[in-house]
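Subject: Structure for you to look at

Hello,

Here is the structure I said I would pass on. Please open it alongside this email, and my notes come after it.

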Amino acid sequence: METCIITSPLGFTRIEGDVNGISKITVLNSEEKPSDIIPEVLEDCTFQLKEYFEGSRKTFNLKLNPQGTSFQKQVWKLLEQIPYGKTLSYLELSKQLGDVKAIRAVANANGKNPLWIVIPCHRIIGSDGSLTGYAGGLHRKQWLLEHESPYKQQTLF
């Protein structure tokens, strides 16, 4: 398994993967030294994340290899279908799975998403439109949603 650390506007980011695909992208809550050399199997991922943060990339085209249960992988596949700049509620996601009673299991699978940003779990919000739980911290979730929003906040001066 190859690993690298890059910087992003939201903190240091660890990427893990191999020839089978990217298995983990995690935002870190501590300062780390960015990698001097990016392993070849992670180069495209680092490049695409950089483009995303610059605002020039709205979709990712990466070979992914997340580890999880079959239910988690089913939820993550649905998350990948949420368009850039759009949100869904946990309830709407549960309905897409065909079981509104699975809302807690959906929320749990969402929270265990190992591929930060690439599988956009930040696009899931509460039914009332509120920002709810996010493993990377609600401040990061808010930043990501504002970054993707077609309506940019204007300043008065």
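The notes below go through the model one region at a time.

This is a predicted model, so bear the thresholds in mind: local features need pLDDT of at least 70, side-chain atom pairs count only at pLDDT 80 or more, and totals for chains, interfaces and linings use all residues. Residues are numbered from 1 along each chain as its sequence is written, and side-chain values use heavy atoms, with hydrogens and water left out.

The annotated position

The UniProt annotation "active site", from an unreviewed entry, covers C121. UniProt positions are given here in the numbering of this model, feature names are shortened, and annotations may be inferred rather than shown by experiment. C121 is found in the loop between α4 and β5; helices (H or I, at least four residues) and strands (E, at least two) are DSSP runs, numbered from the N terminus. With a relative accessible area of 8%, C121 is buried. Buried means under 20% relative accessible area, exposed over 50%, and partly exposed in between, with a 1.4 Å probe and protein chains only. Leaving out residues up to four places away in sequence, C121 touches L79, N110, N113 and Y134, where contact means heavy atoms within 4.5 Å.

H122

H122 sits in the loop between α4 (103–111) and β5 (124–125). Is H122 buried or exposed? H122 has a relative accessible area of 1%, so it is buried. Residues up to four places away in sequence aside, H122 touches Y52, I117, Y134, K141, L144, L145 and E148. The side chains of H122 and E148 make a polar contact at 2.8 Å. A polar contact is a pair of N or O atoms within 3.5 Å; within protein, one must be able to donate a hydrogen and the other to accept it, and residues adjacent in sequence count only if both atoms are side-chain atoms. H122 and K141 are 19 residues apart along the chain, and their C-alpha atoms are separated by 5.5 Å.

Helix α5

In α5 the buried residues are R140, K141, L144, L145, H147 and E148. They cover an arc of only 160° around the axis, so they lie on the same side of α5. The arc is that of the directions from the helix axis to the C-beta atoms. Among the elements that cover these buried residues of α5 are β3 (21–27), α1, α3 (90–97) and β5.

Aromatic residues

Rings of Phe, Tyr and Trp (its six-membered ring) pair if their centres lie within 6.5 Å; planes under 30 degrees apart count as stacked, over 60 as edge-to-face and the rest as tilted. By this rule the count comes to 5 aromatic pairs. Y52 and F53 are an edge-to-face pair, because their ring centres are 5.3 Å apart and their planes at 75°. Y52 is buried at 1% relative accessibility, and F53 is buried at 14%. The rings of F53 and W143 have centres 5.9 Å apart and planes at 50°, so this pair is tilted. F53 lies in helix α1 (residues 40–54) and W143 in helix α5 (residues 138–148), so the pair ties together parts that are 90 residues apart in sequence. W143 is partly exposed, at 28% relative accessibility. Y52, F53, F60, Y84, W116 and W143 form one aromatic cluster.

The β1–β2 hairpin

Strands β1 (residues 2–8) and β2 (residues 11–18) run antiparallel and are joined by 7 bridges; two strands pair if DSSP finds at least two bridges between them. A hairpin joins β1 to β2 through 2 residues. T7 has F12 in β2 as its bridge partner.

Regards
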